[in-house]
Amino acid sequence: MPASLPTLKRCFCEECVEKGGTDSHGKARGVLMEARFMPAHMKRVHEEHATQYSPPVQQSAVDAVDSVAGHLFALTITDDGPDPGHGSKQQHDKQPAQGNPFR
Ligand SMILES: [Zn+2]
């Protein structure tokens with residue numbers, strides 16, 4: 001593989017098909033780009049589409065781990081929810097109580 005000559009590849013991702021338009025035969029032309037740029041380009045396009053299509057993906061993912069994640073999530077909420085308030089209040093109550101003998 002000669003390093004001096006960049007390998008050009010035609011990208012037919014949704015974005016490039018849209019950008020490149022179609023040729024006289026109505027076929028998608030895609031966008032010609034250096035092959036080494038394609039992974040980053042595909043990653044960006046994929047991520048953009050992933051955010052667009054995230055709701056159904058997240059739903060199926062939640063379904064798969066629903067029982068475990070649900071329990072963990074509930075535990076996290078019950079653990080974290082009351083704790084910070086009670087903990088800090090108890091600490092505030094204890095500190096004056098510890099200081100009481102000095103009064
Ligand atoms: Zn592309």
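Modeller: Two residues are in contact if their C-beta atoms, placed from the backbone, lie within 7 Å. By that rule Arg29 touches Gly20, Gly21, Thr22 and Asp23, leaving out residues up to four places away in sequence. Please note that this is a predicted model.

Colleague: Where does Arg29 lie?

Modeller: Arg29 belongs to the loop between α1 (14–20) and β2 (31–34). Its C-alpha atom is separated by 9.0 Å from that of Glu18, 11 residues apart along the chain.

Colleague: Why is Arg29 called partly exposed?

Modeller: Arg29 has 16 C-beta neighbours inside 10 Å. A buried residue needs 20 or more and an exposed one has 12 or fewer, so Arg29 counts as partly exposed.

Colleague: What makes Arg10 partly exposed?

Modeller: The count for Arg10 is 13 C-beta neighbours inside 10 Å.

Colleague: In which strand is Arg10 found, and which residues does it touch?

Modeller: Arg10 is in strand β1 (residues 8–11). With residues up to four places away in sequence not counted, Arg10 touches Gly30 and Leu32.

Colleague: Why is Met33 described as partly exposed?

Modeller: Met33 has 16 other C-beta atoms within 10 Å. This value lies between the limits of 12 and 20, and therefore Met33 is partly exposed.

Colleague: What is Met33 in contact with?

Modeller: Met33, found in strand β2, is in contact with Leu8, Lys9, Cys11, Met38 and His41, leaving aside neighbours within four places in sequence. Met33 and Lys9 are 24 residues apart in sequence and 5.5 Å apart in space, C-alpha to C-alpha.

Colleague: What pattern does the protein follow along the sequence?

Modeller: The pattern is β-α-β-α-α-α-α, with 5 helices and 2 strands in the protein. Of the 103 residues, 2% are buried.

Key: Residues numbered from 1 in each chain as written. Predicted model: local features only at pLDDT ≥ 70, side-chain atom pairs only at ≥ 80, totals over all residues. Helix = DSSP H or I, 4+ residues; strand = E, 2+ residues; numbered from the N terminus.
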